[in-house]
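Here is a short tour of a sheet and the nonpolar cores of a protein chain. Please have the model open as you read.

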Amino acid sequence: MELRPVAAAKGEGACMAQRLLRSSSTWVDAMSFRPFTSESYAQGDRPEAWRDVLAAVGLQPATSNPFYDGHATASHRQAPGVALTRIAAGAQGIGPASQANGDLPIALMPIEDGVVLRSGAGHRIVPVGHLVLLPRGGDWNIVFQRDMRAIVLSVTSEALHGRFSGKPRFSEPRVVASGGLADVFARLLDATARTLDTLGDGEWTAVAQSLSDLLLTLVHQLATSSPDAGSSATQAALLHRICQTIERRLDDPALVPARVAQAEGISERYLQKLFEAVGDNFTHYIRERRLQRAWADLSSPAEAHRSISDIAYAYGFGDSAHFSRAFRHRFGLSPREFRQQEAERSTAQHGVAGQRGWPQEALAQLRVHHGLGDIRTGAARLDGETNLPDMAAGRKHHHLPVEAARVHWGYFSRSLPPQIEIASGDTITIETLTQHASDDPELMIDGDAGAESVFGWTREQKNVDRRGAGPMDASVYGRGAGEGFGVHICTGPVAVKDAQPGDVLEVRILDIVPRPSRNARVAGRVFGSSVAAWWGYHYDEFLAGPKPREAVTIYEIFDDVATPHARAVYSYRWEPQTDPSGVVHTTYDYPGVPVRPDSVKRRHAVLDGIRIPLRPHFGVIAVAPREVDFVDSVPPSYFGGNLDNWRLGKGAAVYLPVSVPGALLSVGDPHAAQGDGELSGTAIECSMTGTFEVILHKKADLPGQPFADLSYPLIETETDWVLTGFSHPNYLAEFGAQGQSEVYAKSSLDLAMKDAFRKMRRFLMNVKGLSEDEAIALMSAAVDFGVTQVVDGNWGVHAIISKRLFQDAP
Amino acid sequence: MRHHTLQVSPKTVHWGYFSKKVAPALTLRSGDRATIETLTHHANDDYERMIAGDPGAESVFHWTRENKAVARRGSGPIEGPFIRGAGEGVGVHLLTGPVAIEGAEPGDILEVRILDVRPRPSCSACHAGRCFGSNVAANWGFHYHDLIEEPKPREVVTIFELDTSGDPFAKAVYNYVWTPQTDPDGIVHSSIDYPGVRVDHATIKKRENILTSVKVPARLHFGTMGLAPSEADFVSSIPPSYTGGNIDDWRIGKGARMYYPVAVPGAYFSVGDPHAAQGDSELGGTAIETSLTGDFEFILHKKADLAGTSLEGLSHPMLETDQAWSVYGFTYPNYLAELGADAQTEIANHSSLDRAMRDAFRKLRRFLMTVHRLSEDEAISLMSVGADFGVTQVVDANWGVHGTIRKNIFRCD
């Protein structure tokens with residue numbers, strides 16, 4: 001290809017040069033996208049930083065329910081006079097930032113849960129997806145009782161270019177009824193907020209302009225038809241209540257004015273008058289709501305399993321032909337066409353359908369029912385007398401062998417009864433098994449009582465039934481109990497006496513030894529397995545056929561030689577395996593399915609002459625997360641979990657923030673060797689036994705410690721501090737109910753790099769006492785960022801700083 | 001074998017670009033060695049410490065209203081009116097060379113061995129014999145739009161001193177926030193947008209006692225080394241690409257062997273952007289930028305001789321050290337060819353580690369399959385359990401991820 005030399009562009013010099021400027025040019029203006037995350041800030045600085053985020057859209061924390069100092073993220077973008085922010089944070093209350101009341105009201109839309117609006121007119125619930133217009137001053141507040149998830153738009157007169165004639169007066173917050181313009185506005189708001197970071201400057205300007213125009217129109221409409229102009233606040237409240245009643249009873253074909261009026265104890269005529277006061281009538285309103293709700297269901301992937309006539313029926317349309325006509329009349333296309341269009345769009349957005357973790361549809365249905373079934377049954381009782389620390393003040397040593405009743409497979413849970421309780425300072429030996437032992441049961445399971453117990457699975461009896469955080473009835477994919485939403489065999493949990501949320505648990509690895517085979521034929525030798533699996537980074541771009549494929553390589557581990565290493569023994573390609581319960585696994589989609597030797601073709605002489613230096617470590621070290629009962633063991637997060645960092649081996653320690661009483665420590669996913677990246681999806685997975693020293697650091701003792709202000713797993717080795725960055729540092733809090741699905745869809749090294757950068761900056765500023773400028777200079781000159789893994793859903797980038805830098809520090 | 005010397009002067013450097021059109025500063029044969037001086041383009045951040053009294057540096061940085069010794073800085077326009085200056089700062093590195101290799105043809109591979117690297121001591125009266133460098137947290141840094149302290153945004157220059165008495169390390173001397181600087185032609189640089197503008201120390205506020213008791217271990221290396229690409233006559237020195245360039249890997253220091261695909265006759269090797277220390281990612285936008293002198297050996301591997309060697313099929317830069325092989329993945333492996341006519345501007349809008357990781361994976365897979373004769377399944381298993389991927393840089397528009405495989409993996413018993 002012949003390229004025009006840049007220098008040859010004569011005549012257009014200045015204009016050309018403008019575009020040539022280094023990436024800085026795109027950032028200098030005020031249009032740029034600004035992400036916010038609390039991870040950037042020390043615990044004590046978070047409220048202040050959060051105040052700034054709210055202030056950008058004219059809000060501030062309410063005095064009654066201010067923001068606590070937990071996890072918060074926001075994406076923010078502004079244009080002249082327009083500021084749009086999408087917020088995900090913990091429960092809190094907010095109010096107006098200024099007392100002035102000149103500009104347009106602030107538009108706020110809760111996007112996952114309803115909120116409580118408190119104002120002079122009393123308390124109201126604003127349902128999810130509804131708009132509320134908030135005056136910039138006055139005495140009101142909004143309380144997010146669960147998580148704060150909202151889109152907030154602030155438009156000031158600067159955006160209106162003098163077209164703001166006859167300012168509508170808004171002294172009270174107004175909840176905007178759905179339908180018509182309000183829906184258009186809400187949808188645009190939602191779509192814009194989702195794409196804030198990807199819109200080009202020109203695109204963003206255009207969208208920002210439309211948003212301010214729409215808001216202005218909406219405000220005017222409301223001002224002229226509003227209760228302020230005629231009806232009283234009582235009427236507004238009554239109307240709102242009626243609308244809520246209607247919302248609940250849309251399925252009732254006999255929803256007529258007379259019955260609603262009767263239920264509210266008012267006359268039918270008065271009911272009609274209430275609607276007329278806002279420029280509507282009852283019949284039209286009902287029809288509009290029914291069509292809108294049907295529209296929403298038809299566009300939702302979560303409702304894809306319902307037929308169109310089911311949906312029509314659910315909203316009071318007894319006749320589906322009638323529904324079709326009405327729908328087409330309202331929205332311009334038939335329900336069928338609309339649904340297909342939405343489905344195509346949704347598929348295009350999500351790209352290759354990820355099979356990992358919870359599908360969104362299933363999560364949506366899950367919320368309708370309750371919970372996931374019983375927590376592990378048959379958990380061992382506390383090993384009380386022998387192990388509990390007693391009056392002897394000395395440190396104790398404990399031993400936790402591995403067997404079916406002592407493991408939880410594929411999930412973490414705050415609800416698991418502990419296997420054992422230990423005291424801070426105690427040591428404990430924990431046996432762990434690799435979930436890949438079943439890749440060659442003869443070498444890695446047979447003759448080993450512990451492994452046989454855990455993997456024991458016949459048609460009649462499956463010793464560890466639940467494998468993964470999915471439903472016990474396998475109603476999502478039919479893979480098996482727990483659906484393999486999480487795969488690691490975790491030994492534990494171990495409760496730590498007196499551990500409370502806010503404390504930090506130090507888990508120090510004193511020793512780590514491989515678990516030799518107990519099979520008489522190969523007794524004493526050590527084996528492991530590595531699978532190039534469908535969740536591997538390589539999977540969608542094989543060079544040679546068959547495409548795609550999964551390959552298992554069995555390794556032998558030589559750990560007591562001068563240079564400990566692993567060598568490949570043989571490999572095979574995965575073939576469909578029928579598990580003892582009769583389910584066929586065409587891919588490696590459920591852990592612990594025993595591979596029948598006669599079902600695969602073994603290739604020997606693989607990786608001939610290649611010796612892989614060992615890096616024994618535990619892929620999974622976790623404390624129980626606080627958010628939900630069953631958490632998929634695959635994506636790592638603030639609680640530790642599947643860190644897959646080989647630096648977490650003998651002599652290293654990991655500091656974990658305690659989230660639940662007792663901490664509930666679990667260990668698993670033992671690895672003999674892994675590279676940074678864990679590219680194929682697995683390491684050399686090899687059962688191992690670790691000896692740990694467990695130290696509890698109480699919250700009150702944290703200040704001044706390197707692990708003070710900890711909101712992520714911090715690894716310490718003899719020479720370095722290793723900080724763990726993730727695409728989504730706390731995906732459970734960030735995505736809320738969708739977390740266990742979204743985290744697989746939205747991972748990126750670019751996001752993980754950002755997180756690692758912010759954590760390292762915080763560490764250098766708060767632990768090492770540097771200024772921000774010093775911290776950034778040091779990060780450039782001396783901090784190494786590396787790829788931890790690109791296969792665990794929540795991708796990881798770590799930042800390493802050598803302790804040697806600070807050896808002269810006082 | 002002959003040993004050549006290439007000192008810095010306005011005639012032996014080109015500033016901010018690679019070019020197949022620049023006359024070679026030196027021509028040599030495969031097997032020859034050369035001592036090559038390089039200057040950091042950040043020397044003017046502290047003229048007194050890094051330029052004053054140094055004839056080479058003074059001659060290159062010389063810039064008065066009447067005379068600008070090296071006028072073109074960057075691959076941008078060289079006819080005014082200018083926004084920033086000739087070349088418009090599209091590319092910033094002071095590069096020494098080019099060094100032409102006799103007989104080099106497209107398709108060959110040039111091996112460059114770094115035999116030694118030495119810092120360039122200050123010649124100024126007050127600081128003679130001591131070595132200094134500058135680190136800039138600049139507008140192209142990864143942190144720039146994510147600052148938490150005021151004022152936002154800001155650019156900060158930190159001056160370091162390099163101590164080579166024992167295990168070499170760098171210590172910060174002072175820092176300052178960038179203030180608008182007026183160059184001799186009267187253009188005001190309100191941010192760091194053009195290289196070699198002398199900072200008037202009367203306009204800045206020095207802050208001392210910074211990074212006290214922090215010692216940064218030295219990693220002397222050359223941030224930018226590579227050959228002239230064939231696609232365009234003048235190519236910005238900022239984005240690294242298939243002929244190397246601004247790779248910014250601190251492992252490219254003493255003992256390293258770099259391999260580059262030759263794209264133009266004579267290869268046209270240039271070197272610059274010397275660094276005293278840098279972390280993987282070069283987060284703030286620069287390393288500790290310090291003038292260095294290197295001893296190099298050049299070996300030309302002819303296309304016909306590559307089969308069966310570790311260079312077979314090589315179409316990108318590769319590093320060999322005593323311990324490991326590294327391949328370099330970029331957001332766009334050859335952005336000049338992939339992004340078309342506006343490549344040099346477009347590339348900054350596409351920076352992504354995700355694409356760079358993808359590229360590094362593909363390059364390492366190819367290396368293992370071609371050179372080590374592994375099957376694809378073997379290569380993928382080995383990469384998962386024995387190869388390390390790291391972030392090279394996130395500040396050079398074409399972001400980098402390197403894939404490293406240790407040599408001792410292949411040692412048979």
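The notes below take the sheet and then the cores.

This is a predicted model. In chain A, an open sheet is built from seven strands, and their pairing is antiparallel. Strands β1 and β12 of chain A form the edges, each pairing on one side only. From one strand to the next, the twist averages 20 degrees.

Here are some elements to locate in chain A:

| Element | Residues |
|---|---|
| β1(A) | 34–37 |
| β12(A) | 174–176 |
| β4(A) | 82–89 |
| β11(A) | 148–155 |
| α3(A) | 46–55 |
| α19(A) | 749–767 |

Within the sheet, β4(A) and β11(A) run antiparallel and are joined by eight bridges.

Now to the cores. Which residues touch the most other members of the largest nonpolar core? They are Ile621(A) and Leu778(A), in a core of 234 residues. Helix α19 of chain A gives the most to this core, contributing nine residues. Setting aside residues up to four places away in sequence, Ile621(A) touches several residues, including Val507(A), Ile509(A), Phe639(A), Leu656(A) and Phe692(A). Another core, of 32 residues, lies apart from the largest one; Leu131(A), Ala159(A), Ala186(A) and Leu214(A) are among its members.

Technical notes. Residues are numbered from 1 along each chain as its sequence is written. Chains are lettered from A and ligands numbered from 1 in the order in which they are written. This is a predicted model: local features need pLDDT of at least 70, side-chain atom pairs count only at pLDDT 80 or more; totals for chains, interfaces and linings use all residues. Side-chain values use heavy atoms; hydrogens and water are left out. Two strands pair if DSSP finds at least two bridges between them. Helices (H or I, at least four residues) and strands (E, at least two) are DSSP runs, numbered from the N terminus. Axes are lines fitted to C-alpha atoms, for helices over the stretch in contact, and angles run from 0 to 180 degrees between N-to-C directions. Contact means heavy atoms within 4.5 Å. A nonpolar core is a set of buried Ala, Val, Leu, Ile, Met, Phe, Trp, Tyr and Cys residues joined through side-chain atoms within 4.5 Å. Buried means under 20% relative accessible area, exposed over 50%, partly exposed in between (1.4 Å probe, protein chains only).
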